[in-house]
Amino acid sequence: MEPTALRITGLIALFGTLLFAIGDVFLLASKVSLDDYPRLKPFAKLLSDAEKMIVLSPNRMIWGALLGVFAAPLVAIGYWQVYQGLSGANMALVLAVTGLFGSATVMGAFVHGTFYYMGEYIHALNTVEEKSQPIIVGMIERHKKVLMISYGPVLIFILIASILFSILVASGKTLFPIWMAGINPLTMTIAWLVIKRLLPQTVRDWTEGAGFNIAYLAFFACTTITLWNK
């Protein structure tokens with residue numbers, strides 16, 4: 001197995017997850033008080049914190065969405081590295097892990113991109129005349145249904161793939177060291193939620209919404225480091 005290929009694909013995946021995380025920050029790292037936006041205040045329950053996108057410029061929302069879409073193929077390349085690292089283990093399970101991770105990334109790109117439209121709906125809700133607001137409200141309600149339907153499979157696929165990844169690594173039949181059994185996107189997400197509480201408020205604000213991709217960044221960093229000389 002060519003070490004250079006493992007290194008390059010790992011670095012590509014790291015770059016992809018970094019772009020995804022930056023896209024998250026562009027879309028979600030903002031603060032707002034509904035008291036400053038009385039036209040949005042009656043819809044606080046519907047918006048469920050999405051009202052913070054009202055302070056984002058159109059260009060920021062556009063690039064926030066597009067960065068995640070462009071990053072998805074780069075992240076998917078990283079699963080080739082994961083596939084190679086799991087070689088030696090049960091092939092059916094190895095294919096299941098990489099297939100589930102890859103599918104979650106493809107669907108995740110769609111979910112990420114749709115946040116741009118949510119931002120546009122919120123800007124429109126704050127701009128249109130009161131009699132037109134119900135039209136925008138209906139669009140937001142349908143958009144949220146699409147998000148929930150899309151998020152479900154993404155989270156389930158990542159959960160299953162993370163568990164299977166750890167089981168395969170723990171078997172000792174892969175190229176990964178045994179301790180890597182404790183490193184997967186699920187455990188890294190949990191670790192980030194714990195670490196985040198210890199960070200300064202400024203750091204927490206600037207990484208708002210990027211936790212999932214920060215976890216992936218840590219995951220690919222570990223897979224790349226452990227396979228660097230294989």
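Reply: The accessible surface of the protein chain comes to about 11,400 Å², of which 70% belongs to carbon and sulfur atoms. The model is predicted: local features need pLDDT of at least 70, side-chain atom pairs count only at pLDDT 80 or more, and totals for chains, interfaces and linings use all residues. Residues are numbered from 1 along each chain as its sequence is written, and side-chain values use heavy atoms, with hydrogens and water left out.

Me: Why is serine 162 called buried?

Reply: Buried means under 20% relative accessible area, exposed over 50%, and partly exposed in between (1.4 Å probe, protein chains only). Serine 162 has a relative accessible area of 0%, so the residue is buried. Serine 162 lies in helix 5 (residues 133-170); helices (H or I, at least four residues) and strands (E, at least two) are DSSP runs, numbered from the N terminus. Leaving aside residues up to four places away in sequence, serine 162 touches Phe101, Asn184, Pro185 and Leu186, where contact means heavy atoms within 4.5 Å.

Me: What makes lysine 41 and aspartate 35 a salt bridge?

Reply: The term requires a side-chain nitrogen of Lys or Arg within 4 Å of a carboxyl oxygen of Asp or Glu. For lysine 41 and aspartate 35 the closest N and O atoms are 2.5 Å apart, and the pair forms a salt bridge. With 44% relative accessibility, lysine 41 is therefore partly exposed, whereas aspartate 35, at 53%, counts as exposed.

Me: How do you know that lysine 52 and glutamate 208 form a salt bridge, and which parts does the pair tie together?

Reply: Their closest N and O atoms are 3.9 Å apart, and lysine 52 forms a salt bridge with glutamate 208. Lysine 52 lies in the loop between helix 2 (44-47) and helix 3, and glutamate 208 in the loop between helix 7 (201-206) and helix 8 (211-227), so the pair ties together parts that are 156 residues apart in sequence. Lysine 52 is buried because its relative accessible area is 8%; glutamate 208, with 22%, is partly exposed.

Me: Which residues are linked in a network of salt bridges?

Reply: The network links Asp49, Lys52, Lys196 and Glu208. Lysine 196 forms a salt bridge with glutamate 208, their closest N and O atoms being 3.8 Å apart.

How values were computed:
Accessible areas come from the Shrake-Rupley method with a 1.4 Å probe; for residues, only the protein chains shown count as cover.
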